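Q: I have a model open and would like to talk it through with you. Could we start with the overall picture and then go into the details?

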Amino acid sequence: MMRYFILSLVFILELLANKYTYTNQLIDEPSPYLQQHAHNPVNWYPWGEEAFEKAKREHKPIFLSIGYSTCHWCHVMAHESFEDPKIAEIINRWFVPVKVDREEMPHLDKYYQKIFTLLHHRSGGWPLTIFLTEDLKPFFAATYIPPITSYGVEGLETLLPKIGTLYRNNREKIERKANAIEALMKRVHNIPSKPIDVNLTIADQAVELMAEYYDNIYKGFGNRPKFPESSRLRLLFDIYALNGNRKAKQMALETLDAMQRSGLYDQIDGAFFRYCVDRTWKMPHFEKMLYTNAELIPLYVKAYKLTKKERYREVVKETVSEINRRFRTSEGLYFSASDADSDHQEGGYFIYRYDEAFSALVNSGFSKEDANQILKFLDISEDGNFDTEFAHPRRVDEVEPKGFKKAKKILKELRTKRTYPFIDKKIITAWNAMMIKALFKASFLDEKYLNSAKNSYISLKKLMQKDDGTLYHQVLYGNKPVQEGLLEDYSFMIDVALTAYQTTLDENYLQDANRWMKLALKIFYRDGRWLLGSDGFESYADLQDNYYTSALSVMINNLLDLALLESSLSYESIAKKTLDANALLLEKEPDAYPESLRAYIRFKRGVIGIKSNYKMLQDSAEKIETIHYPFLLKKVEKLDGFIACDMRACFAFGKDFESIKNKIEKH
């Protein structure tokens, strides 16, 4: 009997040992994305000296592939090419393959995305494919590449040997191209600095420019694909508050309305997907990103404040609830994202067949007529709207049909029989800070979010701040962080600390913001320019709000806030110098850099502080909310009344709040 047991055990161990035919150098990497590729036949290396030395030793170019664990097209390229032994053999023969998780190294991704944009005159995306010389100079950039030539795009099967042969036999040609790209990048990084001297008409100018590509039919900006563009909407709201530009308000509210009704929003569970592939907002890419939702929540809070429309409040509550359900840990930390695919089907968890949904509603007591009315409202039909008979829910009307809330619960129950997409359990400092800020903002609607925000803030600090006050960037949940913080981590942590101070008036938050700002200046600031990281890879921050708001633009606004709150001309000077370093871009295309334009307008128009003792500020919180001026901060000081000040002077004094309010509005 023992003999059979031993033989069985040996057999099981052999099966386990042979489960994977291939294992490469990613096997010990903590990143979920890199782990997804650890058993590819491609001989992947992580970004680092081992790969670089191998490239130099063997005189091979580097095949750099950048993606992330919840990226649909990254999965497609992996299944088609990186899991194919034939394609893998070609990659291994001609190149040193390197895999990068863009969420681990966003500063590196940002640099190579810029190169793609310079070479192709359009934005990139993921997977990002870059070919580097053995000296790490880029000479070719692409995104998704098919395995074989199709639709006019050359496939890896022929492209790789062609580039490999060229590198081996005509290295000089590739070096010339690489040097030209490097020189171009240096010119981009060394835009001449000039004083900011644009007047405030730039705000209305930006609105008019945005109106030119605003979609008056389906709302949002541009044609396809369509992204939420939170920073653009934030700017429009502030311009409206500042000067009453009704076009700005209209575009912002119409876009928020369109998004919450559309396929971008998960009508059954709540929370937003990353973007829609079509102009009409019907078909999303089904990833749910923490940062997308974190940046949209405050906008719907703002829209509710402006209009008192109940649907905006619902969207906030549903979104927070779903993000908490899927992404929040017991300590109050947040995972980074969930995938688009379920059981290898894109959107499989989220979509419905008409017959499935209809039967579920009727079997739960709905009449056939009411069931059809509800499914019609959600655009779930026999013909489908997604893929053959499948439909992705969206609202086709403003008014919910009878029994809709009960029907949502039934449709939600159907999903419990499906596999929820993979969740990347990385804790990213910057993205957590964004979500915690969203909770502080949402506390205007419900007090319960305030405690959640405070607890999450404490947990994030405990995990991601070292004893010396410096920050870590990210860590896989359950592990100890080791990666040094990036500019974005400091930017968004300062931002959430300032938001927390404005919400609670607790001085500890203001102290945190000051400490992180001093560290950020020491680590990243270089005479008007800011590095994205501190690991020796020289990538400079820019003003572009790509997939979430620019860390540099957030930092400029942080400097302006702290300049006022701390009466620091030094902080204001650094903010101005940073704006000056990017002034030519702002003058040329003010609408292209929404958050930095917002920072410029705040600098030019002036941030105003309303100062008083803690009790008077707390007692007047609701009244302060009624002040239309958008660039207003509260500051606790030992005063028996109110004082309103900008960076140059205090201009209103007294105990009568209405008098102070009027003077702020007229300032």
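Q: What share of the contacts in the protein with a separation of 6 or more comes from residues 24 or more positions apart?
A: Residues 24 or more positions apart account for 69% of those contacts, where a contact means heavy atoms within 4.5 Å. Please keep in mind that this is a predicted model, in which local features need pLDDT of at least 70 and side-chain atom pairs count only at pLDDT 80 or more, while totals for chains, interfaces and linings use all residues. Residues are numbered from 1 along each chain as its sequence is written, and side-chain values use heavy atoms, with hydrogens and water left out.

Q: How many helices and strands are there?
A: The secondary structure comes to 27 helices and 22 strands; these are DSSP runs numbered from the N terminus, with helices being H or I of at least four residues and strands being E of at least two.

Q: And what about the radius of gyration?
A: The protein has 27 Å, which agrees with the value near 26 Å that a compact globule of 667 residues would have; the radius is taken over C-alpha atoms, and the globule rule is 2.2 Å times the number of residues to the power 0.38. Along its principal axes the C-alpha trace spans about 90 × 70 × 60 Å.

Q: What percentage of the residues is buried?
A: Buried residues make up 58% of the 667, where buried means under 20% relative accessible area, exposed over 50% and partly exposed in between, with a 1.4 Å probe and protein chains only.

Q: Switching to sheets, in what order do the five strands of the open sheet come?
A: The order is β1-β3-β2-β4-β5, with mixed pairing, and two strands count as paired if DSSP finds at least two bridges between them. The edge strands are β1 (45-46) and β5 (138-142), each of which pairs on one side only.

Q: How do β4 and β5 pair?
A: Strand β4 (residues 128-132) pairs with β5 in the antiparallel sense over four bridges, and Phe131 stands opposite Phe140 in β5. Both Phe131 and Phe140 also belong to a cluster linked by ring pairs, whose other members are Trp44, Phe63, Phe82, Phe95, Phe139 and Tyr167.

Q: What counts as a ring pair here?
A: Rings of Phe, Tyr and Trp (its six-membered ring) pair if their centres lie within 6.5 Å; planes under 30 degrees apart count as stacked, over 60 as edge-to-face and the rest as tilted. By this rule the count comes to 46 aromatic pairs. In one of them, Phe440 and Tyr509, the ring centres are 6.1 Å apart and the planes lie at 80°, so the pair is edge-to-face.

Q: Which helices do Phe440 and Tyr509 lie in?
A: Phe440 lies in helix α17 (residues 429-442) and Tyr509 in helix α20 (residues 507-524), so the pair ties together parts that are 69 residues apart in sequence. Phe440 is buried, at a relative accessible area of 2%, and Tyr509 is buried as well, at 8%.

Q: Where is Thr419, and what does it touch?
A: Thr419 sits in the loop between α16 (404-415) and β14 (423-424), and it is partly exposed, with a relative accessible area of 39%. Not counting residues up to four places away in sequence, Thr419 touches Ser342, Asp343 and Tyr349. Its C-alpha atom is separated by 6.4 Å from that of Tyr349, 70 residues apart along the chain.
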